Amino acid sequence: MSKGFASTYRIVLLATGLFVCFGGVAARLVWLHVVDRDSLLKTITRTRQQYTPEIARRGDILDARGGLLATSSTQRVLGVDPLSLRPQDEKRWPELAALIGMPEGELRRIFTTRYREAPAPAPTANAVIDLRRLGRVATPAAATPDDDTEEDAAPDASGRRPIRWVKLRDDVPEKLYEEIMKLGIKGVYGPHVARRAYPNQHLAAHVLGYVNKQQEAAAGMEANMDFFLRGQNGWRVGERDGRNRELPQFLDRRVPPSDGYSVKLSIDTIVQDIVEQELTYIATTYEPKKASIIVSDPRNGFILAMGNYPNYDPNEYNKLRPDEQHRMRNVAVADVYEPGSVFKIVAVAAALEERIATTRSMFDTAADKIMHRGRTIPLPAEDHRFPNPQAVTLAEAVSHSSNRGAAQLGVALGEERFYRYVRAFGFGRPLGFPVGGEVAGLLRPVKDWDPIDITRIPIGHSISATVLQMHQAMSVIANDGVLLRPQVIREVRDAAGEIVYRYDRAEIGRVVSLETARTVARLLMGVASKEGTAAEAAIEGYDVAGKTGTTIKLMDEVQPDGSTKLVYNRKHHIASFVGFFPAGRPQVAISVIVDDADHKAPRGIAYGGRVAAPSFKRIGERLIAILNIQAHAQPSPAGLVAAHQGGRR
Amino acid sequence: MKRNSQAFAHQLLVCLLVTMAFGGTIGLGTVWMRHQISVTAKANRALLAEINEVNRRSDALEAEIRGEQRPELLRELNLRFRLGLVPMNEVPVIHVTENVTQRMVERANRWSFPPASRENGPVTLRFAQR
């Protein structure tokens with residue numbers, strides 16, 4: 001072997017040096033990675049680790065035709081950091097003010113206020129301000145603008161607190177934000193915030209409910225189906241650099257978000273629109289206190305439309321004044337009323353089912369008293385003058401809404417039996433409607449009834465029900481005697497569009513037999529005939545079955561001693577018409593209830609036949625083409641339709 | 001056999017140099033790889049952010065489109081632009097109460113014998129004889 005370029009001694013020295021160096025590096029590495037590992041990891045974790053939530057997209061709410069009723073969208077919360085503003089951008093301030101719709105003076109005031117002299121807020125307030133800045137906390141109506149729009153930095157040497165962020169507008173669409181960014185004003189920016197959008201505005205607002213700015217479902221379907229709609233937020237844990245920027249290469253763990261499911265309703269936007277147009281017409285024409293319309297398919301209990309007046313726009317729920325909050329109430333399920341004559345269907349159906357009466361039974365409507373359990377009970381006044389009041393058939397009693405006829409049926413049934421039927425028709429208990437805060441109505445147990453109640457409840461007095469309960473009771477007749485659960489949710493679909501759950505017809509129970517239901521339906525056809533109390537509800541070419549109701553309202557009256565007492569006020573009525581068609585093969589049930597329309601009604605009394613029945617007809621006629629409703633071929637049995645003029649109850 | 005200590009030292013030095021070169025290459029390779037991982041991760045994150053942004057804009061646009069198609073606004077535009085469009089839910093329904101066959105025959109004959117021809121009196125047919 002040839003001699004090397006250096007002496008052995010030097011080479012050994014160099015090699016030893018190198019080994020020592022490598023050994024030193026290795027020892028240091030062992031020290032850092034093994035001995036000192038925990039303390040170093042703690043420091044790194046504290047300073048560099050970053051937890052980032054990934055927000056799941058909230059699912060959509062769709063109508064029966066797949067149209068969007070509620071969807072998720074993003075907006076920007078635009079704000080300004082006054083300390084970052086540059087003098088050369090000042091000439092663009094007016095343009096910015098015009099874009100965001102803010103008075104220029106107000107904008108200048110915000111932009112030029114750079115310090116706050118006020119004392120420091122409590123430490124916890126900053127967190128709240130942070131959330132509010134991102135639009136996740138609802139703005140309290142009574143709060144001053146400064147409370148939720150400004151974020152301060154730590155005070156400077158002179159004790160002033162520099163203002164680092166002031167909200168300018170919290171609902172800036174992306175398109176507008178782009179235009180604002182084009183202005184190039186340094187210090188004006190805004191983070192994304194998720195917002196719920198209701199493209200049809202007030203349409204079906206009471207069914208949909210709304211999601212507030214904290215992204216919490218506050219009412220309606222949004223709240224009821226929140227579990228499916230909200231999805232599951234994801235998160236990732238990684239590291240960030242010294243400038244607080246995420247370092248994606250150091251992603252430690254990631255759980256991806258799972259988007260919310262979509263909920264398909266049975267609400268049909270076109271039918272809902274027809275209903276809301278009719279409500280607008282009622283509101284304009286009669287200026288009632290409130291009104292409700294429900295349209296459903298009686299064969300399966302699915303609600304096609306549910307509208308109330310007054311209404312609201314869920315996009316602007318937070319703009320309602322405290323005195324307007326009642327607009328958000330779904331009065332069709334959350335409010336009760338005395339159903340009045342519409343309720344007579346219960347007594348008639350029960351009497352026919354129990355074979356206490358037949359279609360040929362006769363009633364003496366001239367009698368003003370009746371004996372019951374050894375007592376003489378006064379009968380309610382009769383509103384219709386029958387030509388032969390001593391011999392009124394059941395068909396005549398129904399078509400002219402005889403109070404005394406219904407009262408006599410109630411007495412014949414007896415309290416216990418009648419109560420059982422009333423319960424079976426769905427009164428006095430919630431029907432399980434998923435939204436709107438459904439109430440049970442008021443049906444006292446028999447032991448609490450006054451003796452007179454057995455003559456008053458059959459005519460729809462001394463009992464309170466929701467509009468939906470009355471609607472479902474009528475649907476029992478349309479559905480061959482079976483009470484169905486009113487439903488509004490059709491399907492739940494996952495983010496990929498696959499059906500997760502499908503809702504189907506849900507029976508609560510059979511109330512009366514098929515024969516009884518069909519007999520009552522035929523009797524109710526007389527109501528919407530030329531001779532009945534609701535000739536205005538008749539639809540040409542179709543057999544309409546229904547019942548009018550005109551209820552005198554219970555109102556507070558001031559007594560001589562200054563106290564108030566609930567009394568029947570004959571100047572205020574609730575007009576209603578509840579019916580279905582075609583009577584022989586029902587495809588649609590419609591309820592129209594108008595509360596306190598007397599001041600604009602013909603002759604000062606809002607009769608069901610005059611105020612509510614025409615709305616039924618208008619809605620029904622428009623639904624024929626939409627729902628492809630076929631006229632039933634079988635003619636009405638002539639013998640069952642009464643042939644008298646007049647009568648308005 | 002005579003042991004050549006210099007040769008051993010040379011071998012050791014060569015080994016060390018090779019080790020250093022190898023280690024350096026591995027180190028540089030690792031740095032390059034980590035850089036590439038970082039670049040790829042950043043690109044992925046940017047792509048993901050872009051996808052989210054597109055989805056966000058798509059959602060916003062869809063909501064806007066649906067908002068512009070709401071029935072109330074369409075009715076208002078119909079009136080404003082005097083389009084005279086009839087909503088689909090106002091399709092006229094004609095209830096035929098008379099004999100359907102007779103009605104269809106009359107309707108079909110309207111083309112052959114329009115009302116104007118009936119006003120001119122009865123139709124006379126003349127046949128020429130040869």
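**Cavities and interface**

Guide: A search of the whole structure finds 2 cavities of 30 Å³ or more, a cavity being a set of points on a 1 Å grid over the protein atoms alone where a 1.4 Å probe fits but cannot get out, and a volume being the space filled by probe spheres set on the points, which are joined across faces, edges and corners. This is a predicted model, in which local features need pLDDT of at least 70 and side-chain atom pairs count only at pLDDT 80 or more, while totals for chains, interfaces and linings use all residues. Residues are numbered from 1 along each chain as its sequence is written, and side-chain values use heavy atoms, without hydrogens and water.

Visitor: What volume does the largest cavity have, and which elements line it?

Guide: The largest cavity has a volume of about 70 Å³, and the elements that give two or more residues to its lining are helices H12 (344-353), H13 (394-399) and H14 (403-413) of chain A, where helices are DSSP runs of H or I with at least four residues.

Visitor: Switching topic, how many residues are in contact between chain B and chain A?

Guide: In chain B, 38 residues are in contact with 48 residues of chain A, with contact meaning heavy atoms within 4.5 Å.

Visitor: And how many salt bridges are there between them?

Guide: The count between chain B and chain A is 5, each a side-chain nitrogen of Lys or Arg within 4 Å of a carboxyl oxygen of Asp or Glu; B:Arg75 and A:Asp273 meet in a salt bridge at 2.7 Å, N to O.

Methods. Chains lettered and ligands numbered in written order. 1 Å grid on protein atoms, 1.4 Å probe; cavity = no way out; pocket = protein on both sides within 12 Å on 5 of 7 lines; lining within 4 Å.
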